[in-house]
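Please work through each task before reading its solution.

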Amino acid sequence: QNGKLIYHTQGTVSGDDWAARGWHSQALPYNKDWAVQTDINLPNLNMPDNSLIFAGLFVFNLDDPEDFAEFGLYSGSTRSFVASMDVNDNEAFTDTNATTTTNGTVRLRWVAAEQKLYYEYDANGATGGFVWTALASKALNAGSTNWGMNANSSFIVGLGVESESITINQADNVWLDNFKLAPLPKITTQPLPQTVSLGGNA
């Protein structure tokens, strides 16, 4: 509608309302660098007691979706950028950085050589050019954040919004926009059918 995808739930608000959209074009490789980012608009709304709104990015292990990371802007009793990670559906860590911003950009960046996921944000988005602040970085091959992946593994990334005990109306202007992914791995050549004799080489 009006050039936007609008997600909504029906009925009474609950303590676990959410909407998500994954990047379905292709999974992202474990053995190559990539970065994904989005702009977030989360105005200063009237927040009832024990309510919250979170909007941002997620990434999970394609082979085990219970290995999961989120990064975005949070509004509740406080306002902050929040980075978190679950391993086998158990919380591995949560880091926050208080902010007053209502419109910013978050980025998840994977460095394959380090096997490490970086959580970075720009509190005023593209205004004045991006200047990234690192909130956290976690190795996915060791310790409490080990996802048990290897060079043949891959990730799924996407956008998500969560809320608890609050109604979010279209007029509240909560949105995610300008989703970007780079560098996007490309298939440069298509495999050709081959006939190989017994003992021959393809």
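**Exercise 1.** Determine whether Tyr-30 and Phe-155 are buried or exposed, and classify their ring pair.

*Solution.* Begin with accessibility: Tyr-30 and Phe-155 are both buried (under 20% relative accessible area; exposed is over 50%, partly exposed in between, with a 1.4 Å probe and protein chains only). The model is predicted, so local features need pLDDT of at least 70 and side-chain atom pairs pLDDT 80 or more, while totals for chains, interfaces and linings use all residues. Side-chain values use heavy atoms, without hydrogens and water, and residues are numbered from 1 along each chain as its sequence is written.

Tyr-30 and Phe-155 form a stacked pair, with 5.9 Å between centres and 20° between planes.

**Exercise 2.** Characterise the pair of Phe-93 and Tyr-119, and identify the charge over the ring of Phe-93.

*Solution.* First, the geometry is edge-to-face, at 5.6 Å centre to centre and 85° between the planes.

Second, Phe-93 counts as buried because its relative accessibility is 9%; Tyr-119 counts as buried at 0%.

Third, the charged end of Lys-138 lies over the Phe-93 ring, 4.5 Å from its centre (NZ of Lys or CZ of Arg within 6 Å of the ring centre and within 35 degrees of the ring normal).

Methods. Phe/Tyr/Trp six-rings, centres within 6.5 Å; stacked < 30°, edge-to-face > 60°.
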